[in-house]
Amino acid sequence: MKTIFPKEILSCFIFFISFCTFSQNKSERELTLIDKDWRFSFGHLYDTQKDFGHAEGYFSYLTKTGFGDGPAASGFDDRAWRKLDLPHDWAVEQSFSEKASFSHGFKTAGKGFPEKSIGWYRKKISIPESDKGRIISLKFDGVFRNSKVFFNGYFLGTEQSGYNGFEYDVSAYVNYGGENTIVVRVDASMEEGWFYEGAGIYRHVYLQKTNPIHIVSNGTYVISEIKNDNAEITAEVTIENKGNDKGSIEIIQTILDTGGKQISSVSENVPAPEFYKKANFTSKLAVKNPLLWDIENPNLYRLVTDIKQNGQIIDRYETSFGIRTMKFDAEKGFFLNGKPVKLKGTNNHQDHAGIGTALPDELQYYRIKKLKEMGSNAYRCSHHPPTPELLKACDELGMLVIDETRLMGINDYHLNDLKRMIERDRNHPSIFCWSVGNEEWNIEGNIVGERITTIMQGFTKSIDSTRPVTVAISSGFRSGISSVVEIMGYNYLGNGDIDAHRNEFKKQPGMGTEEGSTFATRGIYFTDDAKHYQSAYDKKPRPTFYSIEEGWKFYAERPYLAGVFFWTGFDYRGEPTPYGWPSVTSYFGMMDVCGFPKDNVFYLKSWWGTEPVLHILPHWNWSGMEGKEIDVWAYSNCDEVELFLNKKSLGKKKMELNGHLEWKVKYEAGTLEAIGFKNGKKVLSQVQKTTGSPENIKLSVDKENLSNSNVVMVTAELTDKKGLHVPTADDEIAFSIKGGKILGVGNGNPTSLESDKFIDNTNLVAINNFKEKKLTSADLPDKIEDANDADWTVAFKDRDYKKQAPAYVYKGDFELKNNLDNNIVTFFYKKIGKETAVFVNGNKIEPSKDDTQKYILNKAILKEGKNTIYIATTPLQRIKDWDVMNTDPGIIQVVTPAESWKRKLFNGYAQIIIQKNEGEKEVILSATAKGLQAGNLVLKK
Ligand code: GAL
């Protein structure tokens, strides 16, 4: 368990120095990350037996409080379940099948796979006696989806959304001074999106402890108004009282600057709210000459809210915020801190290669940095609220955000989701706009859409008055939602006449919420439908869609349009348009699923970024194409570019604003070189060289990775004998690691059906046909002979507990599908008697030393197909008539160790996501492949 007191250690330290009077107090808030050491197993969507008998009882958790049954009961035996750490996405661990969902990337989980659509998670935590009187809660950042949570067998609630955070107060159910069991049943059988969404507890989980009088979660709201050179800060706090303490409390609001220095503080005495009531309190603070938050300098301040009672701090809550102004102007576009900013945005889903939706926090930074490197300054969370860490990364790195709710509507399901999103996210300076919908084809152009938008927009303003509201619209731009929405969100030039809409609604600002949806396979320069290859030259993809260049030019030329969001920054699983199976990821991204750039990145970088850019495509390894014409394109922001093949000039061309250059070049091996000129002077050059065959494996850490980060993105590539990167290499590379673990592998190939993860397979095998025979003596046998089958009767049937035999022998069978040499087979016995002797296929088995109810079964005594288990025991006695006697002998666990990690390169690259072990000084990743020089990467702390 990692304890956060109450935020990052470093800032906490600085904070401590400047606030040494604020000592950590037992009654203060504690927030502990409880991602480690969970048990997991699949249940079943409709076969309750395969769902461990959950909800089968005469009384269920819905009829009687605390009647969580099956795995929901605290006493359930989960020893045979797989151990794992969160975040976890079980969908990405599965294989692919044509029968699986197009939207979810053909992974064999969720919709259509009842045996892989229910996931059970269990975790034990201890809570000390001294916590009595505190409010103990479980906080989930997001579970996909439809989760039910139980605590010590008590049902806490259902959360349908796969994207919203939620919290349960468990104080009343806690076993203080002892062990407590958290159980989550996740039902991913339905999809909320038409894109990959993962499955399971894929975001963080926390245990929170507070005083009964406390600030509610997401209970602060910080607004700043800049007057002359100063900022007036309005800090609102919502305090709840879950106890009987009355009287006055003191609220102290303190602002700390980026260095942790106190710069402003106010305090006031107020009456504590009544029992189970909430109250809002507002304070005004001032920041002189504030450092504003913007894209280049994302300055962040912190508000520390303390509640004091009788002179003692009883709660502390920290809120990170930024000071900035922003506005949309219907004529001139978007303004940040009074300066015009063209929104250069991308849309993105939340999954990444190798790990699906279970992203370690570091990866959020990696992805946002990649987008910033492309010159992008804005991110649309399509089409759902993101994980809090994404917004933290955007705040800290300087990326503007459109935060979007999942579904449009005016009922609790919709408005409550919207409210929770806004309350959770409204202090993030990066968020500049709320989106309340996307392409709702049923209502976009009609009066229902108009009504819903009006309500959702007004509702949004009632929670956050500082940001405007948009809806991304695709079917015609003149009626329905588009006639009432505050900021018009245009999805695609081909979907309507943007200029005509603007002429009709002159006061309505607008932006391109989606554009592009172009297709490109990284490193591919000839479309080949048979191979599902889409050429990476930026061309008009479909009759009513436009290239990235056409899209950007349209938005760049119109000052009244605030900017554009291309579909998408990164490829994602699912939606492999224009193909289907066996393509499993999208083709839309400027980067592939790993974050390796496609050529479009350099087009955007040329016109979005501030650095000089020169990039030529394609690569120059076209053996067999000698003498044939190849299109050579240059992306650059130089004034002119001259191209040379083997030192011979192929002409100098003038670059048009927001354009690119093209040459037709007859292929001959060698060096293709481009030289970029600015004001007539050579400023840049770029070469594409024909390489030799691959010889060495090269592993490198992405330069965006912090060396002290626990999760590191590693690139594997091949080089020829001169050390040149081979752009066509597709060898399979095997990986091994010391001092850490591999989280996932990917290569950006949309048609790759290779495993993303190599994890041990845990199979639970039931014991069937359970029968019994009476023994005449309590001395248990040393041997079992099973001569006469007829003597066996169904186990425990009509047992007269008052007249039990001195001992019984039970018999059952279990099927082993594959009795592989490296399988580890364990019988997890559940007590059905006192003295016990276990036999498998006639062989006596000794219990293991660490657990007397665990029997490791040697492969030599097992066989493929049917195996027989005998359990001889002296019986348990029923004390009270209503005692429920265990009749379940337990379960057989078969663990098949994972194969070693491997992945093919795709057009020269693969990605390995590794995580250092805690406390390890050194991590070594090794890569080998047939006929190639092995590669090693050593990372030191
Ligand atoms: C849009 C939609 C996106 C994605 C995209 C693909 O219509 O909003 O979610 O599906 O099309 O072109």
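How close do the axes of helix 8 and helix 9 come, and at what angle do they cross? I started here, working from a predicted model.

**Entry 1: helix 8 and helix 9**

I read off an approach of the two axes within 11 Å and a crossing at roughly 20°. Angles under 35 degrees count as roughly parallel, so I noted helix 8 as roughly parallel to helix 9. The crossing of helix 8 past helix 9 is right-handed.

Next I listed who makes the contact. Helix 8 contributes Ile548, Glu549 and Trp552. Helix 9 contributes Asn600, Tyr603, Leu604, Trp607 and Trp608. By class, I have 6 nonpolar, 1 polar and 1 charged residue in this contact.

I then asked how many residues of helix 8 are buried. I wrote down Ile548, Glu549, Gly551, Trp552, Lys553, Phe554 and Tyr555 as the buried set.

What do these buried residues pack against? I found strands and helices on the list. The strands are strand 22 (343–348), strand 27 (487–491), strand 28 (510–516) and strand 29 (561–567). The helices are helix 7 (498–504) and helix 9 (600–608).

**Entry 2: helix 2 and helix 3**

Helix 2 covers residues 361–373 and helix 3 covers residues 388–397. Their axes come within 9 Å and cross at roughly 45°. Helix 2 passes helix 3 in a right-handed crossing.

From helix 2, the contact uses Asp361, Gln364, Tyr365, Ile368, Lys369 and Lys372. From helix 3, it uses Glu389, Leu390, Lys392, Ala393, Cys394, Glu396 and Leu397. I sorted the contact of helix 2 with helix 3 into 6 nonpolar, 1 polar and 6 charged residues.

I went through the neighbours of strand 7 in turn. Strand 7 (residues 147–151) is joined to strand 8 by 5 bridges, and the two run antiparallel. Strand 7 is also joined to strand 10 (residues 178–187) by 5 bridges, again running antiparallel.

Phe150 gave me a partner in each neighbour. In strand 8 its bridge partner is Phe155. In strand 10 the bridge partner of Phe150 is Val183.

I checked the turn as well. The hairpin of strand 7 and strand 8 has 2 residues between the strands. There Asn152 takes a positive phi near 50°.

Is strand 7 enclosed or open to the outside? I found 5 of its 5 residues buried, so strand 7 is largely enclosed by the rest of the structure. Ser147, Val149 and Phe151 point one way. Lys148 and Phe150 point the other way, and they are buried too.

I followed one pair here. Strand 39 (residues 732–738) and strand 53 (residues 922–928) pair in the antiparallel sense over 5 bridges. Within that pair I found Lys738 opposite Ile924 of strand 53.

**Entry 3: Met885**

Where is Met885 found? I placed Met885 in the loop between strand 49 (865–875) and strand 50 (890–896).

Is Met885 buried or exposed? Its relative accessible area is 16%. The cut-off for buried is under 20%, so Met885 is buried.

I listed its contacts, leaving out residues up to four places away in sequence. Met885 touches Tyr801, Leu876, Gln877 and Arg878.

I also took one distance. Met885 and Ile487 are 398 residues apart along the chain, and their C-alpha atoms are separated by 65 Å.

Definitions and conventions
Residues numbered from 1 in each chain as written. Predicted model: local features only at pLDDT ≥ 70, side-chain atom pairs only at ≥ 80, totals over all residues. Heavy atoms only, no water. Pairing = 2+ DSSP bridges. Helix = DSSP H or I, 4+ residues; strand = E, 2+ residues; numbered from the N terminus. Axes fitted to C-alpha atoms, helices over the stretch in contact; angles between N-to-C directions. Left-handed = near helix turned anticlockwise from the far one by under 90°. Contact = heavy atoms within 4.5 Å. Nonpolar A, V, L, I, M, F, W, Y, C, P; charged D, E, K, R; others polar. Buried < 20%, exposed > 50% of the residue type's maximum accessible area, 1.4 Å probe, protein only. Parallel < 35°, antiparallel > 145°, perpendicular 65-115°, else oblique.
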